[in-house]
Amino acid sequence: MFLGSLTAVFAFLETRRYGITRRTVKCRKPLAKPLKVLHLSDIHFWGPNKKLSRFFDRLAAETFDFV
């Protein structure tokens, strides 16, 4: 019972966390210019969500070489 409740709380909270993490990857042979790659994962949403809309607005303000 406790584990099921804990899982439900985690699932509820996890679906409301959005963030941008930046990573730098070192290459053996330098590229002509740095590449900016967008990787999205685990985007869970249903219905209107202002926080998720703001997150997507932040992403839309950026430019990426690969998605």
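Select Leu 35 first: leaving aside residues up to four places away in sequence, Leu 35 touches Asp 65 and Phe 66. A contact here means heavy atoms within 4.5 Å. The model is a predicted one, in which local features need pLDDT of at least 70 and side-chain atom pairs count only at pLDDT 80 or more, while totals for chains, interfaces and linings use all residues. Residues are numbered from 1 along each chain as its sequence is written, and side-chain values use heavy atoms, with hydrogens and water left out.

Stay on Leu 35 and colour the helices. Leu 35 sits in the loop between helix H1 (2–14) and helix H2 (50–60). Helices are DSSP runs of H or I with at least four residues, strands are runs of E with at least two, and both are numbered from the N terminus. The chain has two helices and zero strands.

Draw a distance from the C-alpha of Leu 35 to that of Phe 66: 7.9 Å, for two residues 31 apart along the chain. Leu 35 has a relative accessibility of 44%, so it counts as partly exposed. Under 20% relative accessible area is buried, over 50% is exposed, and partly exposed is in between (1.4 Å probe, protein chains only).

Leu 31 belongs to the loop between H1 and H2.

**Next: the salt bridges**

Side chains of opposite charge can pair when their charged atoms come close. How many salt bridges does a search of the whole structure find? There are three, each defined as a side-chain nitrogen of Lys or Arg within 4 Å of a carboxyl oxygen of Asp or Glu.

Move to Arg 22 and Glu 62. Their side chains form a salt bridge with an N to O distance of 3.2 Å. This pair links distant parts of the chain, 40 residues apart: Arg 22 is in the loop between H1 and H2, and Glu 62 is in the segment after H2. Arg 22 is exposed, at 57% relative accessibility, whereas Glu 62 is partly exposed at 24%.

Through shared partners, salt bridges join Arg 22, Lys 36 and Glu 62 into one network.

Which ring does Lys 36 lie over? Show Phe 64: Lys 36 is over its face, 5.7 Å from the ring centre. A charge counts as over a ring if NZ of Lys or CZ of Arg is within 6 Å of the ring centre and within 35 degrees of the ring normal. Lys 36 is partly exposed, with 32% relative accessibility.

Select Phe 55 in helix H2. Is Phe 55 buried or exposed? At 6% relative accessibility, Phe 55 is buried. In the chain of 67 residues, 9% are buried.

Not counting residues up to four places away in sequence, Phe 55 touches Tyr 18, Gly 19, Ile 20, Leu 40 and Ile 43. The C-alpha atoms of Phe 55 and Tyr 18 are 6.8 Å apart, although the two residues are 37 apart in sequence.

The structure holds one aromatic pair. The ring centres of Phe 55 and Phe 56 are 5.8 Å apart and their planes at 55°, so the pair is tilted. Rings of Phe, Tyr and Trp (its six-membered ring) pair if their centres lie within 6.5 Å; planes under 30 degrees apart are stacked, over 60 edge-to-face, and the rest tilted. Phe 56 is partly exposed, at 30% relative accessibility.
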